[in-house]
Amino acid sequence: MRLHTHVVLPAMLVFVLSACSVSRKLDQSAQQLILNEDGLKQAHVGISIYDPQKAVYLYNYQEDKYFIPASNTKLFTLYSGMRYLGDSLPGIRYAETADSIYLLPTGDPSLLHPDFAVHPVIDFLKSNQKELVIQQENWREKELGYGWSWDDYNSSYMAERSPLPVYGNIIRWTQVLEKSESENGQLQNEAFVYSEPEVSWKVNFNPAKTSSFSVIRDRYSNQFTISEGKEILKTLEIPFVTNSLFSALDLLRDTIGRSILLVPGENTRKADRVLYSQPTDSLLKLMMLRSDNFYAEQVLLMASQQVYGYMNTRKMIDTILKADLKGLPQAPNWVDGSGLSRYNLFTPVDMVWLLEKMEREFGRNRVDAILASGGKGTLSNYYSDLGDAIKAKTGTLSGQVALSGYLTTKKGKRLIFSVLVNNHQTSAVKVRRAMEAYLRKVWERY
């Protein structure tokens, strides 16, 4: 005999929970997920709720169907970083002779990033007066990912990938309005604009004042057009064109006080030493807490460098899927580290399977310390009263919302869950609230 509990979410969702094993079909009385809100009725939904202690799925709905997971893709990237990057990030590889230091970039995104106060690689380069030489033969990737929306190039969430990232591959432009006295003695607002880091690249100023401060970069070059706005203080983060190593070397020249010479690979020495930069988990935690696309992309590239000696996202993904993750219930289509691409396709049970594997391989404490809790990070406006009872990763693209992670229920049972919603025609907030209401019922019941 099977027990069914009908959970009614007012004006939102009706779910039917069914205690079932993964091998069983849902009972005929288990209705399809009913979406009552306008814009949700025609959405595609997949749900998987798993009890790892009993190895039983408490509920599955379209669990083996493929969904665009958005930033839930970062869970797979997180696994890759935890599996291959060790306890510290390789900041730079190098070889040293009597008069030269030969550098090999590693893809470390922490270099000069404002998230980090200490930069051992910069200290090393400043403290040594030998000639600095670098090569880029290990860069076998493009600056933008497969399937990314090209017209998002000016948005902070789509910084370019590169072999030697600096400052997060972002220029931070700030406008400050200050009161000044005109020639006739009247007070007026005067705008000051500055950048971090300072750049010598071409900047155009739009003479027409607009309501909002804006900075628009040329699609293919580091040329910026700035429009003054009415804000007293506003900062915009604009990705710069990396040009592989060239933009980084330009910016580093001012930082370390001298040039780094770019040479062909055959003119360098084999990099037999490694200088580490940051604790690996400090970067991974930031990556998951705020869903940092740039960090996620570079994590996969760093992992590729560790395994193959060169940076290539597709090669690394192929290796992980065929080796570490060969037991996945459904073979996913995994194309980038961040989840920006809509070519990514995963199933809810893939997410559950991975989360169980991560906890088993790396330990609950380490995984929990990296993922966001209720009321924090990307969950800052959700599950606040649950706190550490939920540890999860969000995912959002236009029309797509995802949430996968761990839920410690009211009775102390630790469950693994994945809820993926695709092709909705309403606000992402409304979908997230529906997910929240449902998961609260799961928390209460189990």
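The following conversation goes through a predicted model of one protein chain and asks how each description of it was reached.

Colleague: What kind of model is this, and how are its residues numbered?

Modeller: It is a predicted model, in which local features need a pLDDT of at least 70 and side-chain atom pairs count only at pLDDT 80 or more, while totals for chains, interfaces and linings use all residues. Residues are numbered from 1 along each chain as its sequence is written, and side-chain values use heavy atoms, with hydrogens and water left out.

Colleague: How do you know how far the predictor trusts the chain?

Modeller: The pLDDT is the predictor's confidence in each residue, from 0 to 100, and the chain averages 90, with 90% of the residues scoring at least 70. Over residues 1-35, however, the pLDDT is below 50, although this stretch has 74 contacts in the model beyond near neighbours in sequence; a contact means heavy atoms within 4.5 Å. Where pLDDT is low, the predicted coordinates should not be read in detail.

Colleague: What makes up the secondary structure of the chain?

Modeller: It comes to nine helices and 20 strands, where helices (H or I, at least four residues) and strands (E, at least two) are DSSP runs numbered from the N terminus.

Colleague: Why is H7 called mostly covered?

Modeller: A residue is buried under 20% relative accessible area, exposed over 50% and partly exposed in between (1.4 Å probe, protein chains only), and 11 of the 15 residues of H7 are buried. Among them are Met351, Leu355, Met358 and Phe362. The buried residues of H7 pack against several elements, including strand S4 (44-51), helix H1 (74-84), helix H8 (364-370) and strand S20 (414-422).

Colleague: Why is Tyr50 called buried, and what does it touch?

Modeller: Tyr50, which is found in strand S4, has a relative accessible area of 8% and is therefore buried. Not counting residues up to four places away in sequence, Tyr50 touches Ala55, Val56, Tyr57, Val352, Glu356, Leu415 and Ile416. Tyr50 and Arg414 are 364 residues apart in sequence, yet their C-alpha atoms are 9.0 Å apart in space.

Colleague: What makes a group of residues a nonpolar core, and which residues have the most contacts inside the largest one?

Modeller: A nonpolar core is a set of buried Ala, Val, Leu, Ile, Met, Phe, Trp, Tyr and Cys residues joined through side-chain atoms within 4.5 Å. The largest has 44 residues, and those with the most contacts inside it are Phe76, Leu78, Met82, Met287, Leu325, Trp334 and Met358. H1, H7 and H8 are among the helices that each supply at least two residues of this core. A second, separate core of 33 residues includes Tyr94, Ile122, Ile134 and Ile260.

Colleague: What does Met82 touch?

Modeller: Leaving out residues up to four places away in sequence, Met82 touches Leu284, Met358, Phe362, Arg366, Val367 and Ile370.

Colleague: Why is Asn422 called buried?

Modeller: Asn422, found in strand S20, has a relative accessibility of 5% and so counts as buried. Apart from neighbours within four places in sequence, Asn422 is in contact with Ala43, His44, Phe67, Ile68, Gly399 and Gln400.
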